[in-house]
Amino acid sequence: MSASLQQGAAPPALAVRGLGAGYGGREVLSGLDLELPQGEVLCLVGHNGAGKSTLMRLLFGLHAPSSGSIHLRGQPITPRPDQMAREGVAFVPEGRGVFPGLAVRENFELALWSARLDATEGARRTEEVLEVLPRIREFWTRRAGTLSGGQQQMVSIGRALLSRPSILLLDEPSIGLAPKTFQDLMTPIRALQQRSGMTILLVEQNVGEAFAVSDHVAVMKSGRIIFRGVPADLSDHAKLMEMF
Ligand SMILES: Nc1ncnc2c1ncn2[C@@H]1O[C@H](COP(=O)(O)OP(=O)(O)OP(=O)(O)O)[C@@H](O)[C@H]1O
């Protein structure tokens, strides 16, 4: 039994050990170890092509590892998207992924329908999400494709929250957003996370704003984690740049 289990500490929400993966025989991740502590926000940063999105896809079961193991709340698993969703994991991939021709309301309805929630429960969950992200009400009936990048990202994350995830995987939500817009988006998500004890893995390049809402940071380089600490450890920008 590991020391952490002996002390009765919660196992990590997600953990990977010795993880390897690639595309068409080209290795992208190798020997990757990472733990995502329950109830905390871990920000994963790294240069373009370091393998951050690949890791996210592996965690949600959208890509298969070539070696190593993935553990959900201490149990080894072979992730599949439907099973991960049932286990309370939600994934918001890079890019907004809203249905552009549908109204925001319809985007939400579709998510509730795929989660097989009845009308009463659907209305309750929608109300909950609109309390967290009230600005969505301002464009509730507009077609999602006509919204700004920040508004679409808000819809995308709001839709993921409808499932009341205990683990949220967010892949570069800041892409294309001004720092202030990103901050406005993440502040209520951070508040919800602190209230509910949700665990978040946040992949970001926009380190300043992302670190402000994170408990831990990890730096990835060429498919491995090369640093793990708290945001203050990397407040020296030069030190961070050296790692990239
Ligand atoms: N579907 C794919 N087929 C082939 N190669 C891929 C595929 N997806 C990613 N790659 C390659 O794998 C490597 C890691 O990509 P990945 O998207 O995981 O990195 P990343 O750290 O998320 O980068 P970025 O910050 O640019 O999104 C890159 O060299 C990329 O070109």
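The residues of the shell around the ligand divide into 3 nonpolar, 6 polar and 1 charged; here Ala, Val, Leu, Ile, Met, Phe, Trp, Tyr, Cys and Pro count as nonpolar, Asp, Glu, Lys and Arg as charged, and the others, Gly among them, as polar. The shell consists of Tyr 23, Val 28, Gly 46, Asn 48, Gly 49, Ala 50, Gly 51, Lys 52, Ser 53 and Thr 54, a residue being near the ligand if its C-beta atom, placed from the backbone, lies within 6 Å of it. Helix H2, which spans residues 52-60, gives the most to this shell, with 3 residues.

The model is predicted: local features need a pLDDT of at least 70, side-chain atom pairs count only at pLDDT 80 or more, and totals for chains, interfaces and linings use all residues. Residues are numbered from 1 along each chain as its sequence is written. The pLDDT, the predictor's confidence in each residue from 0 to 100, averages 91 over the protein chain, and 93% of the residues score at least 70. Over residues 1-6 the pLDDT is below 50, and this stretch has 2 contacts in the model beyond near neighbours in sequence. Where pLDDT is low, the predicted coordinates should not be read in detail. For the complex, the predictor gives an ipTM of 0.96 and a pTM of 0.92.

The protein chain contains 9 helices and 10 strands (DSSP runs numbered from the N terminus, with H or I of at least four residues for helices and E of at least two for strands). Its radius of gyration is 18 Å, close to the 18 Å that the globule rule gives for 244 residues, so the chain is as compact as a globular protein of that length; the radius is taken over C-alpha atoms, and the rule is 2.2 Å times the number of residues to the power 0.38.

Of the 244 residues, 36% count as buried, that is, with 20 or more other C-beta atoms within 10 Å of their own, whereas exposed residues have 12 or fewer and partly exposed ones lie in between. The largest nonpolar core has 63 residues, and Leu 169 is among those with the most contacts inside it. Such a core is a set of buried Ala, Val, Leu, Ile, Met, Phe, Trp, Tyr and Cys residues joined through C-beta atoms within 7 Å. Not counting residues up to four places away in sequence, Leu 169 touches Met 56, Leu 59, Phe 60, Val 89, Ala 90, Phe 91, Val 92 and Leu 201, contact requiring C-beta atoms, placed from the backbone, within 7 Å.

Gln 183 is found in helix H7 and counts as partly exposed, with 18 C-beta neighbours inside 10 Å.
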